[in-house]
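Hi everyone, thanks for making time.

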Amino acid sequence: MAKPFVNDRGFIKCPCRRCLNNASHQLEDLESHIFRNGFMFGYNQWIHHGEPATANAGTTVAGPSGGIHERDEMFDVLDDIISEDADEDAVGGPSSNEQYDDLFAALRSELYLGVSSFSSLKFLVKLMHLKVLNKWTNKSFDELLKLLKLAFPKIDLVESHYEAKKLMMKMGLGYSSIHVCKNDCALFWKENSLKDTCPVCSESRWKLQSGKRSGKNVPHKVLRYFLVGPRLKRLFATSKTMKLMRWHSTGKSKDNDVMRHPVDGKSWQEFDKRHPQFAGDVRNVRLGLAADGFNPFGNMSLSYSMWHVVLTTYNLPPWICMKAEYLMLSLLIPGPHSPGKDMDVFLRPLIDELNELWVHGLDTRDAAYENGVFRMRATLLWTVNDFPARSSLSGWSGQGYRACPTCNEDTPSVRVIGKTAYFGHRRFLPTNHHWRSNLQFDGCTERKCPPRDSVRQTYLNSFVV
């Protein structure tokens, strides 16, 4: 019956207890997959295999005790994760998706005997959410788990925060740890990943005790990097956000005099003119980057500065794109001092991934179409930051005699009691303006012209060593 519903690549949705019609396999491997894992409970109408759907054909799931309860909301989360792999890689056979076995085991497992409203996975996700919201320490979280185990001996829950974090990483909530030179010279990443000393300053990668490496290798600094591509793909794989990612094309203002979103601005429109191929697919992603420092120790007097780099997705409507849940943390730069002129060292993983997204893109599943996969590309339109952060991101100093990003080398400045003062603002006025000849400003008339416009190539040449 199901054979006519195989897709053009020879794959069909698998109704076993692990795949739950979320993953696709080749038809010849489907039988062994169902034989090994068993047929899913509650799939009485084969709506994915040729049988017409009816109004009451909702999906139900059986718990370990045999009772049938409504589909857990965590199934939708795993649906988004597994569908990406199934549609993009189209890998079949009994061995596919084995990385999700632990997640499905926790999803099928009741939290406690007779409690069907909470699966073990759902409870753990909500518990981890509370930990983040209330800033619990890892130690306090471990103690809470011990207390729950003591109070409810038969509760199906992980033993520690470490085990919980490993399970969350399988849901795409992890990050990459990249070791950094003590002096911020380079990352021990890619070509330097196996080195024990910095390729620039020859400083040891590891912390030393009495001039010798301790028994356990402990790096001086660790950069946390959160991949951007998989999270962008999930915005299209989820039916709730798939339509919102097209809002910049379908919902933008039709009044030329009104700007309610960056899509109405000249920068966006100029970019579309320069890159018509990119602008031709409204699903391509426009990003903005924001960076700033903060003290992770709150109001304590300890002087410590850790920097975070956040990406904003401007495809989304204005009432959503700035919400915290849609801001994507990409980098956590370690302290204790701000990166300063070494910011480019820490930005390298993000820049490499953004270049990959711009040049090659990623095969992405579009939830609007059945088995629809498109090549998603992304671009960084601009940065949003204060003046000190702009200095780190651009490489142009925000201090000293040439701090002005507009005037550049023509910045008028003077030293006043140990500080640099900037003057000469009247140069921006029209040449016949009466304030130019007024002596009440600094006792002189202003005859200078506005600073000359520097060409883009001039900026690039100034950064070449």
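Let's start at leucine 227, which sits in the loop between strand S9 (221–225) and helix H7 (229–237). When I say helix or strand, I mean DSSP runs, H or I of at least four residues for helices and E of at least two for strands, numbered from the N terminus. Before we go on, this is a predicted model, where local features need pLDDT of at least 70 and side-chain atom pairs count only at pLDDT 80 or more, while totals for chains, interfaces and linings use all residues. Residues are numbered from 1 along each chain as its sequence is written, and side-chain values use heavy atoms, with hydrogens and water left out.

Our cut-offs are under 20% relative accessible area for buried, over 50% for exposed, and partly exposed in between, with a 1.4 Å probe and protein chains only.

Now zoom out for a second. The chain has 15 helices and 17 strands, and 39% of its 465 residues are buried. If you take contacts (heavy atoms within 4.5 Å) with a separation of 6 or more, 51% of them join residues 24 or more positions apart.

On to salt bridges. Side chains of opposite charge can pair when their charged atoms come close. The working rule here is a side-chain nitrogen of Lys or Arg within 4 Å of a carboxyl oxygen of Asp or Glu. How many salt bridges does a search of the whole structure find? It finds eleven.

One of them brings us back to strand S9. Aspartate 184 pairs with lysine 221, with the closest N and O atoms 2.8 Å apart. Aspartate 184 is in the loop between strand S5 (176–180) and strand S6 (187–188), while lysine 221 is in S9, so this pair ties together parts that are 37 residues apart in sequence. Both aspartate 184 and lysine 221 are buried.

Next, find arginine 283 and aspartate 366, a salt bridge with its closest N and O atoms 2.9 Å apart. This pair links distant parts of the chain, 83 residues apart: arginine 283 is in the loop between helix H11 (276–279) and strand S10 (285–294), and aspartate 366 is in strand S13 (residues 362–366). Arginine 283 is buried at 17% relative accessible area, and aspartate 366 is buried too, at 0%.

Stay on S13 for another one. Aspartate 363 and arginine 375 meet in a salt bridge at 3.4 Å, N to O. Aspartate 363 is in S13 and arginine 375 in strand S14 (residues 372–376), so the pair connects parts twelve residues apart in sequence. Aspartate 363 is partly exposed, at 31%, and arginine 375 is partly exposed as well, at 45%.

There is also a network of salt bridges, linking Lys190, Glu191, Arg348 and Asp352. Most residues other than glycine have a negative phi, and most peptide bonds are trans. Lysine 190, though, has a positive phi, near 55°, and it lies in the loop between S6 and strand S7 (208–209). Serine 202 is found in the loop between S6 and S7, with a positive phi of about 65°. And for the peptide bond, go to glycine 335 and proline 336: the bond between them is cis, with omega near 5°. Proline 336 is in the loop between strand S12 (328–333) and helix H13 (343–359).

Last stop, arginine 427, in the loop between strand S17 (419–422) and helix H15 (456–463). Arginine 427 is buried, with a relative accessible area of 6%. Leaving out residues up to four places away in sequence, its contacts include Cys407, Asp410, Glu446 and Cys449. How many disulfides does the search find, taking a disulfide as a pair of cysteine sulfur atoms within 2.5 Å? Zero, in the whole structure. For the record, cysteine 449 counts as exposed, at 53%, and cysteine 444 as partly exposed, at 42%.

Definitions and conventions:
A disulfide is a pair of cysteine sulfur atoms within 2.5 Å.
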